[in-house]
Amino acid sequence: QVQLVESGGGLVQAGGSLRLSCAASGRTFSSNAMGWFRQAPGKQREFVARISWSGGTTYYTDSVKGRFTASRDNAKNTVYLQMNSLKPEDTAVYYCAAANAFSRGSDYFGPNGYGYWGQGTQVTVSS
């Protein structure tokens, strides 16, 4: 059974940091791009970050550029999202996802480009 399990969420004050982890089991995703999305109450799920299979290329939504960093350790089948300088507007459930093998270009910036999803981890940033 393929699983993606996020961890590392929690409650943090504005300006603080959290590091999310996403551990995969059941198969390796070392050849897949991986993405991070988030969903705040009453809002649609939105793209946060994407990292290429090698970790050599990353993309971020504008609102997190310079504050969030995606990374991966393919030997551990794990991806990470380091979140610094957190703001109350970062409050959401954060999901990791594995991209479909056929996804290309703009596919990566929407949920439809991803075939496997974790259950999510709550991040709450207090002001």
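## Thr78 and its surroundings

In this predicted model, a polar atom of the Thr78 side chain lies 2.8 Å from the backbone oxygen of Lys76. Thr78 belongs to strand β8, residues 78–83 (strands are DSSP runs of E, at least two residues long, numbered from the N terminus). Thr78 is buried, at a relative accessible area of 10%; buried means under 20%, with a 1.4 Å probe and protein chains only.

Beyond its neighbours within four places in sequence, Thr78 contacts Ser21, Cys22, Ala23, Arg72 and Asp73, where contact means heavy atoms within 4.5 Å.

## Asn32 in a loop

Asn32 sits in the loop between β3 (18–25) and β4 (34–39). Asn32 is buried, with a relative accessible area of 7%. Its side chain reaches the backbone oxygen of Ala99 at 2.7 Å. Not counting residues up to four places away in sequence, Asn32 touches Arg27, Trp53, Arg72, Ala99 and Ala101.

## Nonpolar cores

A nonpolar core is a set of buried Ala, Val, Leu, Ile, Met, Phe, Trp, Tyr and Cys residues joined through side-chain atoms within 4.5 Å. The largest one has 26 residues, and Leu4, Trp36, Val48, Phe68, Leu81, Met83 and Tyr94 have the most contacts inside it. At least two residues of this core come from each of β3, β4, β5 (46–51), β7 (68–73), β8, β9 (92–99) and β11 (121–126). A second, separate core of 7 residues includes Ala33, Phe47, Ala97 and Tyr114.

## Basis of the values

Residues are numbered from 1 along each chain as its sequence is written, and side-chain values use heavy atoms, leaving out hydrogens and water. Local features need pLDDT of at least 70 and side-chain atom pairs count only at pLDDT 80 or more, while totals for chains, interfaces and linings use all residues.

How values were computed:
Helices (H or I, at least four residues) and strands (E, at least two) are DSSP runs, numbered from the N terminus. Buried means under 20% relative accessible area, exposed over 50%, partly exposed in between (1.4 Å probe, protein chains only). A polar contact is a pair of N or O atoms within 3.5 Å; within protein, one must be able to donate a hydrogen and the other to accept it, and residues adjacent in sequence count only if both atoms are side-chain atoms.
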